[in-house]
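Let's take a friendly walk through one protein model. Have a look at the sequence and the fold before you read on.

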Amino acid sequence: MSCSRLQLTLAILKPDVTARPHIVKEIKSMILRKKFYFVESKKMKLAQSEIETFYKEHEGKFFHNRLVNFMNSGSIWAHILAREDCIKEWRKLMGPTKVLKTVFEEPNSIRGKFGLTDTRNCTHGSDSEETAKREIKLFFPEFDEEKWRANDEDYFINKK
Ligand code: IDP
């Protein structure tokens, strides 16, 4: 039994990806190749009010309406991912927010390969442990982290 703990994050595949099933498949393969584990997954359609709550910090910015309309345009995949250094590593795999930056800096990231615009940029990832806890609660209210750590975490750690 190992005492190292895996970090959890909320990862979202946005509607531009969900609308392209072959890209969903490719991204899920990229996630597995980078040694993330899928702890929970669900495909869902967010209500406008849920999107507004989720992106509250961007209220008033020039892209806010565009972002809310885009997230409202179709289903998403929400995942809880586990890995060592999960938050940083998932954001690294996602790539930079802006599409132009992905071209020059991270062409092999998810956004580099599949991002369409600064808004339609494929993915979301929590930016800190505190945010991850809050976002996981929002999308997976039934998920009990303590129970998962007690019952299932070692299985993932020992699989390495
Ligand atoms: P992140 O998703 O890389 O963490 P945030 O700054 O938290 O980036 O922005 C949330 C989302 O808002 C982005 O993923 C993107 O969809 C959208 N967004 C951010 N900046 C812009 C912009 O300058 N133009 C258009 N959309 C943007």
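H5 lies across S1, S3 and S4, and runs at about 25° to S1. Angles here run from 0 to 180 degrees between N-to-C directions, with axes fitted to C-alpha atoms, for helices over the stretch in contact. Helices (H or I, at least four residues) and strands (E, at least two) are DSSP runs, numbered from the N terminus. This is a predicted model, where local features need pLDDT of at least 70 and side-chain atom pairs count only at pLDDT 80 or more, while totals for chains, interfaces and linings use all residues. Residues are numbered from 1 along each chain as its sequence is written.

Now the sheet. Four strands form an open, antiparallel sheet in the order S2-S3-S1-S4, with S2 and S4 as the edge strands. Strands pair if DSSP finds at least two bridges between them; S2 and S3 have seven.

Next, the core. The largest nonpolar core has 30 residues; such a core is a set of buried Ala, Val, Leu, Ile, Met, Phe, Trp, Tyr and Cys residues joined through C-beta atoms within 7 Å.

Finally, is His 124 buried or exposed? His 124 is buried because 21 other C-beta atoms lie within 10 Å (buried means 20 or more, exposed 12 or fewer, partly exposed in between, with C-beta atoms placed from the backbone). UniProt's unreviewed entry places an "active site" at His 124, though such annotations may be inferred rather than shown by experiment.

How values were computed: Contact = placed C-beta atoms within 7 Å.
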